[in-house]
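Dear colleague,

Please find the structure for your review directly below. My notes on its fold and on several individual residues follow it.

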Amino acid sequence: GTRFFFPGYSSDKTPADIWRWRSEKRPRAPWPSDVANPRRDHPPARVEGDGLRVSYIGHASVLIQTHGLNLLIDPLWSERASPFAFAGPKRVNAPGIVRDDLPQIDAILITHTHYDHLDIPTLRWLAQNRPARVLTPLGADAIVRKAVPALRAQGFDWGARVELGAGCAIHVEPSYHWSARGLSDRRMTLWASFVVETPAGAIYHIGDTGYHDGAIFRAAPATYGPIRLAIIPIGAYDPRWFMKDQHVDPEEAVRIFGDLGASWAMAHHWGAFRLTDEPIDEPPRRLAAALDAAGIAPGRFVVRRPGEVFDVPTAI
């Protein structure tokens, strides 16, 4: 009665598992300390009608613009994905949008409480400069309200539907993941994926997930109809024995794309913060190989670097 769980599934790891990972005598690919990234997006104030513009800010942060709405997901502008300013995973490339260039935001969506998805310093800046309602899974809203009282944070259970206006709504869906901010609060807040319902087809956004049996992904088209765009993580997957229950690899990302029956997909959750052992550029290379093996045209599942934009075609 105190911890959330997905029935029949667990991603929990023990301290012994963590020790085994960190003490393994295996090569760990080096990462650069800095990646030159001259790209910076300057988003328009709004994108009206069925147009769908997705700007990749970096890691798990994206700006979605469609039907006159601006949705910001898992915003993270801090230098570290960590509770500390002096330690923890450090950003190796700059965010793809300068904060002052953000348009007004209608809703901020937080998928879960891990530090690379829920960043309090960024939320404080947004509260002062781009105030908006904040939609989270259950319990994460309490963390946001305590740290940033000025934000209107609301928490929702899996299965909830939240009206946005303009014929659009947010649906809160499960993912195969977990949550924590410290050592003693594992799974004490909920985690989620979001489906953005629009008149031009659904947008399915996954923050973090394992693949498990894929059932939640195969069920989505029957619930939401044609999925125009899926935003799917492709990084932070190595070593597999440790990460497979919480993060998909590129091959599993392609399986999710197929399960959803989505017209288009965009990759995220790679190349910004070193969280696991794979090389920085391996996720997009493996994604390209997996798409080729599956006979899927590479333009249907795109990789964007921070500051680049995906102008999404209409649903196929």
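Of the 316 residues in the chain, 58% are buried, where buried means under 20% relative accessible area, exposed over 50% and partly exposed in between, with a 1.4 Å probe and protein chains only. Please note that this is a predicted model, in which local features need pLDDT of at least 70 and side-chain atom pairs count only at pLDDT 80 or more, while totals for chains, interfaces and linings use all residues. Residues are numbered from 1 along each chain as its sequence is written, and side-chain values use heavy atoms, with hydrogens and water left out.

Overall dimensions and composition

The radius of gyration of the chain is 18 Å, which agrees with the value near 20 Å that a compact globule of 316 residues would have. That radius is taken over C-alpha atoms, and the globule rule is 2.2 Å times the number of residues to the power 0.38. Along its principal axes, the C-alpha trace spans about 55 × 50 × 45 Å. The accessible surface comes to about 12,800 Å², and carbon and sulfur atoms account for 56% of it; these areas come from the Shrake-Rupley method with a 1.4 Å probe, and for residues only the protein chains shown count as cover.

The chain contains 7 helices and 14 strands, assigned as DSSP runs (H or I of at least four residues for helices, E of at least two for strands) and numbered from the N terminus. Among contacts between residues at least 6 apart in sequence, 71% join residues at least 24 apart, a contact being heavy atoms within 4.5 Å.

Charged side chains number 36 positive and 35 negative, and the centres of the two sets lie 4 Å apart. Lys and Arg count as positive and Asp and Glu as negative, without His or the chain ends; each charge is placed at NZ of Lys, CZ of Arg, CG of Asp or CD of Glu.

Helix H7 covers residues 282-294 and reaches 18 Å from its first C-alpha to its last, close to the 18 Å expected for its 13 residues; the expected span is 1.5 Å times one less than the number of residues. Its buried residues are Glu-282, Pro-283, Pro-284, Leu-287, Ala-290 and Leu-291, and they pack against helix H6 (250-260), strand S12 (264-268) and strand S13 (301-302).

In helix H2 (residues 120-129), the buried residues are Ile-120, Thr-122, Leu-123, Trp-125, Leu-126 and Ala-127. Their packing partners are strand S3 (69-73), strand S4 (107-109) and helix H3 (140-147).

Loop residues

Arg-187 lies between strands S8 (168-173) and S9 (193-197) and counts as buried because its relative accessibility is 17%. His-212 lies between strand S10 (202-205) and helix H4 (215-224); at 38% relative accessibility, His-212 is therefore partly exposed.

A cis peptide bond, with omega about 5 degrees, joins Asp-238 to Pro-239. Pro-239 belongs to the loop between strand S11 (227-233) and helix H5 (240-243).

Lastly, Gly-49 sits in the loop between helix H1 (15-23) and strand S1 (52-58) and is partly exposed, at 35% relative accessibility. Leaving aside neighbours within four places in sequence, Gly-49 contacts Thr-66 and His-67.

With kind regards
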